[in-house]
Amino acid sequence: MASHLVGSFQLMKSLNRSLILNIIRSTGGISRAEIAKKTKLTPPTVTNIVSELLNDGLVVEGQQGPSSGGRKPIILRINSRNFFVAGIDVGVSKIRFALTDLEAEIVMQNTIPIDDSMTEEDFVQIIIREIHRLVKTAAIPKDKLIGIGIGMHGIVNSSKGVALFAPNLNFKNIPLKERLEEALLVPVRVENDARAMALGESWFGNGVGAEDLICINVGYGIGAGILMNNELFRGRHGLAGEIGHTVADLNGTKCTCGNYGCLQTVAGHDGLKRAAMKEISFGRKTMITDLINGDENKISGELLHRAALQGDELAIEIFRNAGRYIGTAVTNLIHIMNPSKIIIGGGISKAGPFLLDPIREVVKQRALDDEAKETRIVQSGLGDQAALIGAATLILAEMFAVQYQNQKEII
């Protein structure tokens with residue numbers, strides 16, 4: 001197994017190689033001479049590394065570029081469809097799988113519902129089975145899959161690749177990296193879902209170019225991925241960013257974690273559902289009643305958004321209240337971390353302005369100074385696919401990453 005894993009990551013074997021790869025990726029196409037200028041590497045070094053990249057099938061030569069006299073330079077591009085990465089998004093109610101190319105474009109995906117009886121062993125076996133199925137269905141040779149990234153809800157030890165605690169699934173201490181590398185013979189990286197999402201946004205979404213950002217995943221749970229100086233911030237043992245379990249209401253409802261009044265109990269999926277059912281039980285007139293037709297299980301962020309778009313006062317009020325709670329948490333985060341940008345993602349974020357406007361209003365009212373009040377708060381640029389692309393980015397970032405300071409100076 002070890003030799004196969006080493007072989008897979010020969011694709012990432014030196015700083016200069018990663019540097020050149022990332023310049024080719026980020027420019028969309030560049031000549032050898034321009035690479036030498038940007039990197040300050042000697043032309044023979046660039047030629048040797050580019051030859052390696054061509055031989056490995058990571059880079060292709062394209063059309064000729066404009067000439068300033070003499071021979072026209074040949075443009076190099078990433079051979080994005082020659083290798084693939086698997087991204088896995090482990091949510092509360094479903095596991096999503098995707099195969100992406102080297103530009104994080106999804107080429108195939110599948111979803112498996114999570115059933116209440118699923119054991120930790122079932123969970124591992126489902127991942128193994130579905131990865132085999134994806135590769136087979138896509139008809140790609142096994143050696144073209146260079147890695148698997150997993151965005152997992154809950155607390156994760158990313159260095160060891162262990163899912164320490166997934167509160168909504170009640171899974172504990174699953175050695176995902178070890179089990180999956182043994183079964184699938186490719187490198188596996190495991191990260192908390194909100195952190196994976198933040199990484200995906202910083203490479204391919206609305207966080208491109210931001211050195212410091214916080215990406216908040218609002219769905220059944222609420223988590224934050226924190227990127228500081230272009231590095232994921234995890235805290236001492238992977239707990240950083242668990243804002244869904246910060247207290248929003250001291251006398252609130254019991255949370256899945258065992259505490260009371262957590263943010264996700266008032267602003268996550270179940271909190272929104274509870275707020276709707278409470279008002280309906282009091283006899284409040286709302287089109288939500290007609291849309292669910294007596295089945296409260298039909299209440300979802302998507303259904304509430306549909307009602308809000310049609311002007312339903314209760315649906316709009318539910319999003320406004322959730323937005324105010326999240327806005328308070330965001331204000332606290334701004335005062336603690338002072339990021340340049342906040343990105344709101346996850347299923348509930350699809351409500352767009354109904355949720356984001358009250359978040360922005362609270363920050364403008366409560367942030368400490370004028371600059372903090374103007375912190376940019378935007379919707380995810382990757383939408384529904386943010387967690388999947390984020391998971392794939394765990395592998396892609398390792399493949400293309402160079403030390404940030406070097407990258408900043410040359411690009």
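This is a predicted model: local features need pLDDT of at least 70, side-chain atom pairs count only at pLDDT 80 or more; totals for chains, interfaces and linings use all residues.

Reader: What makes β4 and β7 paired strands?

Author: Strands here are DSSP runs of E with at least two residues, helices are runs of H or I with at least four, and both are numbered from the N terminus. Two strands pair if DSSP finds at least two bridges between them. Seven bridges join β4 to β7 (residues 145-152), so the pair meets that definition. These two strands run parallel, and Phe84 has Leu145 as its bridge partner in β7.

Reader: How do you know that β4 also pairs with β5?

Author: The same rule applies: six bridges join β4 to β5 (residues 94-100), and these strands run antiparallel. Gly87 has Ala98 as its bridge partner in β5. Three residues lie between β4 and β5 in the hairpin they form.

Reader: What is the strand order of the open sheet?

Author: The order is β6-β5-β4-β7-β11, five strands with mixed pairing. β7 and β11 pair in the parallel sense over five bridges, with Gly149 opposite Arg189 in β11.

Reader: Why are β6 and β11 said to stand at the edges?

Author: β6 (106-113) and β11 each have a single partner strand, so one side of each is left without a neighbour in the sheet. From one strand to the next, the twist averages 15°.

Reader: Which helix packs on the sheet and touches β4, β5, β6, β7 and β11?

Author: That is α15 (residues 386-400), whose direction makes about 135° with that of β4. Contact means heavy atoms within 4.5 Å. Angles run from 0 to 180 degrees between N-to-C directions, and the axes are lines fitted to C-alpha atoms, for helices over the stretch in contact. Another helix, α7, lies across β4, β7 and β11 and runs at about 105° to β11.

Reader: Why is β4 called largely enclosed?

Author: Buried means under 20% relative accessible area, exposed over 50%, and partly exposed in between (1.4 Å probe, protein chains only). Seven of the seven residues of β4 (residues 84-90) are buried, so the rest of the structure largely encloses this strand. Both faces are covered, with Phe84, Ala86, Ile88 and Val90 buried on one side and Val85, Gly87 and Asp89 buried on the other. For β11 (residues 188-192), four of the five residues are buried, so this strand is largely enclosed too.

Reader: What does the side chain of Asp212 reach?

Author: It reaches the backbone nitrogen of Asn229 at 2.7 Å. A polar contact is a pair of N or O atoms within 3.5 Å; within protein, one must be able to donate a hydrogen and the other to accept it, and residues adjacent in sequence count only if both atoms are side-chain atoms.

Reader: What makes Leu134 buried?

Author: Leu134, in helix α5 (residues 120-138), has 5% relative accessibility and therefore counts as buried. Leaving aside neighbours within four places in sequence, Leu134 is in contact with Phe97, Ala98, Leu99 and Met108.

Reader: How many aromatic pairs does a search of the whole structure find?

Author: It finds three. Rings of Phe, Tyr and Trp (its six-membered ring) pair if their centres lie within 6.5 Å; planes under 30 degrees apart count as stacked, over 60 as edge-to-face and the rest as tilted. Trp203 and Phe204 have ring centres 6.3 Å apart and planes at 40°, so this pair is tilted. For Phe319 and Phe354, the centres are 6.4 Å apart and the planes are at 25°, so the pair is stacked.

Reader: How do you know that Phe354 is partly exposed?

Author: At 23% relative accessibility, Phe354 counts as partly exposed, whereas Phe319, at 0%, counts as buried.

How values were computed
Residues are numbered from 1 along each chain as its sequence is written. Side-chain values use heavy atoms; hydrogens and water are left out.
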